[in-house]
Amino acid sequence: MDLDKLRKTAAEVVSRDDVKYLIGWRRGTFGYRVAPHFIEDAAGVDELIFSPLCIANLANYLTLTEKLPVPRGQEADTRKVALLVKGCDSRAVAQLIVEKGIKREDVVVIGMPCPGMIDWKLLAERYPETDVAAEIGWKGEDFLLIRGEEEITIPRAEVLAEKCRLCRHPNPVLSDITIGEAVEPWAVAEDSGVAEIEAKEAAERWDYWEEQFSKCIRCYSCRNACPLCYCEDCILDRLDPIWVNRAVNFSENTAFHLARAFHLAGRCVECGECERVCPVGIPLGKLNRKLARTVREEYGFEPGLDPEAEPFQASFKPDDPEEFIL
Amino acid sequence: MTEKPKLGVYVCHCGINISATVDVEAVSDYAQGLPNVVVARNYSYMCSDPGQLLIKDDIKEYGLNRIVVASCSPRMHEPTFRKALQEVGLNPYFLEMANIREQCSWVHQDREEATAKAKNLVAAAVAKVRLLEPLAPREVDAEPAALVIGAGIAGIQASLDIADAGFKVYLVEQSPSVGGRMAQLDKTFPTLDCSACILTPKMVDVANHPNIELLAYSEVEEVSGFVGNFEVKVRRKARYVDVSKCTGCGDCAEACRLANRFPSEFDEGMGKRSAIYLPFPQAVPAKYTIDPEKCLFLTRGRCGKSPKCVDACKPGAIDFEQKDEIVSFKVGAIIVATGFDVFDANKKPEYGYSDYPNVITGLEMERLVSASGPTGGEILVDNGEEKIVPKEIAFIQCVGSRDQSVGNEYCSRVCCMYTAKQAHLIKDKIPDATVKVYYIDVRAFGKGFEEFYDRVRREGIRYVRGNPSEIFKEGNKLVVKVEDTLTATPREDKFDLVVLAVGLTPRSDDRKIIDLLRLSQSPDRFLMEAHPKLRPVDTASDGIFLAGCCQGPKDIPDTVAQAKGAAASAMIPLARGKVAIDAQVAEVIEDTCRGCGFCVSICPYSAIELVTINRMGNMVEVARVNEALCKGCGSCSAGCLSNSIQPRSFRDRQILPQIAALGGIE
Amino acid sequence: MSEQFKPNIVAFLCNWCTYAGADLAGTSRIQYPANVKIIRVMCSGRVNPLYVVNALQQGADGVLISGCHPGDCHYMEGNYYARRRLKLLKELLEFTGVDPRRFNMSWVSASEGHKWKEVVEKAVEDAIAAGPFDQFRRRQIGW
């Protein structure tokens, strides 16, 4: 990873008159943590990093930070936003363009071919965080952890994030500037998590998800972290009409999660943010990936690859599957 | 909502149609206990004047502002009750109906279960009606013109009536001439008047009428819009003949290198025509057409040194450069009069239609007895050895009708009578012929039909009750194998000619018109009327009407009557000059709209567009509905992730309470 | 269960085809079980798939959605959208262990009164086999 080139490019981009700021990653406050980094001028690029811990999808900020009310007497800042993206993140950008959440010309996409990210929880389990600053990078197929004097090579399979094991698009699907060489897409692992659930009896599946959904504390992190759950006024928050009661119980939690997953059907780019941020460890990615697979295999469609595509749920083909219809 | 809902619930007995199965008393008692219900009543006929008066009086007396009527289907009486509300100054959309007849009392027998379900349905209606909003019905101008598709007798008659009333008519016919099936007929039953003699003047009238634009040899390509404002595109197929120059002299057809080589469609393939042709002598318009699939020049690019038709045509009307042309216009109403096909006798192989030249269909018989037909009206048949005047003739009834084995359960309504007529005509022309008719039942139900049937029997036509199982050849005779079911005797009768009284079927090319106009089909595959009794010429789509055999088999007087009915109905919006547009259209809640454009992609009517608005200092795009184009289907709404587009009267906030009421957990 | 379980089924029918077909079943006096209760919408395309979730939560043991046959939609395309959306919902429900027999979808035209009866019978039979769906019911909040 050529960090110098990244920082140099970033400095050039943020210096442009038509760019408001650049969103990237920087080292977090402790251990392995990484934080989003908003860079408004060239000075900020020194802290910019790109490491196997930069798993967060920054595309979320395209809709989160934009369109805030403009104070009286001020003009809306309509300059471009520059954004660092991995393959999966770039799909979110493409899907946001499809859904008119952002215009292509309003974003400068800096693409980073992605050799795979680390599941921070797995890493912390094996190599607990300490107050010694840790550097992590790629070493061939594997990862290299440098902590003080220590240099540890961690086999890829040991800590690779699940979404990365299943990743079909490690290279950005769209970018204005690409840093680094395109990576060879790796052999995609079978989605054992989804298959495992599918293999269960209906009642067992119900029990499995009952246990999972019962854990939910309805913090809405999954929704808030999702780059495609961008409605400012989510229907699940509404009081008129009430789709889901606010009470935290299994019934309402289930209705919430079904609605969330359904709303992402044909839209989810499998960036895994929902599951990553869930504080109680609900395997939300499985719900999304199940529907993504249906859409891919039965409709031949993958969202977030083509910014010109017809939105899946807002289009149809006359010969769409209908074997389930009486 | 500022006003507190005050509900009236009215449970109809519908005579005993509802009350025999549903305990209406219990339902109205139950309704009385539902939230916001001020008054609940039951009455023998809510739709009657006194029934409506009951509602109106209560509205005045109790200040009711929402009404639930539990009775028949809203598809039946919603307009009736809306009007009642309006008459006492209540918004007509403050009404919800609970369908406790078609979808409850008529389909269930257990009184307890039916009553429980009726209560449920009333509860759901009560839950919804409280949240209904006042809507204002809107009106838009209607184009004072009509499109008539198909120029058989139905289309001709409908066009003439509308044009005579002073409205513009576009009459589109896909074949080169108007006239349709009736033009092919010789005499008509039971009066025996000459079909051509009564039809031809009308054909000429449609061509000359100042209000009728005749688009023959044309097809409707595209229809959009709605009642009062249909946008139509018609393809005028190239005739390769300049109709302004063609005099109809026929020199071209005589000169054609392929003169009289092709079976004539008009003569059911028994006569011949050239590659350039007039379908029949009385054709209107009397203009020649080049068959692009047959013409040497058009198929091979050359026809001798120069095409003979070009050389023969003195006015110079032949134009091989002619192209199809698209004509666009606007109409307020549409009449579909696309007619029928005759049953394909090959689907009954046991009758040997394709094996024996002297087994023919009823329509072929029409051409054979017609003075304008291929034999000049002389009945001559080929018995496989020679052309003879047949002396022994059989008719077989119900070929392709009343026959589940070919998928046609219906009676074609005309075959019994056309058989009687043709039998009579044969007797007239060949007095020493013996004619037998094999029948299942004789249906002579129309005015003068039974009398005519009696007459032909007195003339010596023999009716044998039995459905022949097979026709085979023996020597130069055809043998009809049949069981006479009146005497229970099997027989094998010999004939020179067998006429299959083929029935009427939906047109094989109906699919195109169905897709174009979103029409429905009945189980028999004919086009479906809006109501079998009370709206027999209407379709489910406002402003689109049916006339003639496209809706089901009919004889000529019934076809003409339906055409006149369709014309009268079609003229309602044209004469009023305005049409009411449903107020139940979609509305965008701009505050929550994310401008994703899903609704724009979804809307089949292109009724939604994205517009830029200023939202707290940011210029953002939001959806906006063009209410004149929106039909209120609500597909946009179910596809909106923030539920920011909502069809009025079918909003989420109106439907979710219905679900809750039916679900039954409070 | 001493008495036979009587499932509660909520149906969403499009105004032009299936609702008319159900009316035709009535006019023809075709008898069928009383468990299915109909909500009329203008088009099957109007049915937000989350209505299904909501109905199951609010007391339905089964949900039925029915519209026009493909190509016959009064609004040209609504049923195609419904088909795509509800297929996804069906997959999701099955994946989360909801008995697939709780959800049925059909095409019933305005002339198919008999088919409507068959569809209702199938939905009822299915919901009986699936049993009451108490696990998912909206709970009353009390404190």
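User: Are A:W206 and A:F250 buried or exposed?
Analyst: Keep in mind that this is a predicted model, where local features need pLDDT of at least 70, side-chain atom pairs count only at pLDDT 80 or more, and totals for chains, interfaces and linings use all residues. Residues are numbered from 1 along each chain as its sequence is written, chains are lettered from A and ligands numbered from 1 in the order they are written, and side-chain values use heavy atoms, with hydrogens and water left out. The cut-offs are under 20% relative accessible area for buried, over 50% for exposed and partly exposed in between (1.4 Å probe, protein chains only). By that scale, both A:W206 and A:F250 are buried.

User: How many aromatic pairs are there over all chains?
Analyst: Rings of Phe, Tyr and Trp (its six-membered ring) pair up if their centres lie within 6.5 Å; planes under 30 degrees apart are stacked, over 60 edge-to-face, and the rest tilted. Over all chains, the count of aromatic pairs is 30.

User: What kind of pair do the rings of A:W206 and A:F250 make?
Analyst: Their ring centres are 5.6 Å apart. The planes meet at 85°, so this pair is edge-to-face.

User: Which helices does that A:W206 and A:F250 pair link?
Analyst: Helices here are DSSP runs (H or I, at least four residues) numbered from the N terminus. The two residues are 44 apart, so to speak, in distant parts of the chain. A:W206 and A:F250 sit, in that order, in chain A's helix 8 (residues 202-215) and helix 10 (residues 250-263).

User: Which residues form one aromatic cluster with A:W206 and A:F250?
Analyst: Chain C comes in here, with two Phe residues. The cluster takes in C:F133 and C:F136.

User: Over which ring does the charged end of B:R181 sit?
Analyst: For this to count, NZ of Lys or CZ of Arg has to be within 6 Å of the ring centre and within 35 degrees of the ring normal. B:R181 is 5.4 Å from the centre of its ring, which belongs to B:F340.

User: And which residue forms a salt bridge with B:R181?
Analyst: A salt bridge needs a side-chain nitrogen of Lys or Arg within 4 Å of a carboxyl oxygen of Asp or Glu. Here the closest N and O atoms are 3.8 Å apart, and the partner is B:E268.

User: How much area do domain 2 and domain 3 of chain B bury between them?
Analyst: Buried area is the accessible area (1.4 Å probe) that two parts lose on being put together, summed over both. Carbon and sulfur atoms carry 67% of it, and the figure is about 940 Å².
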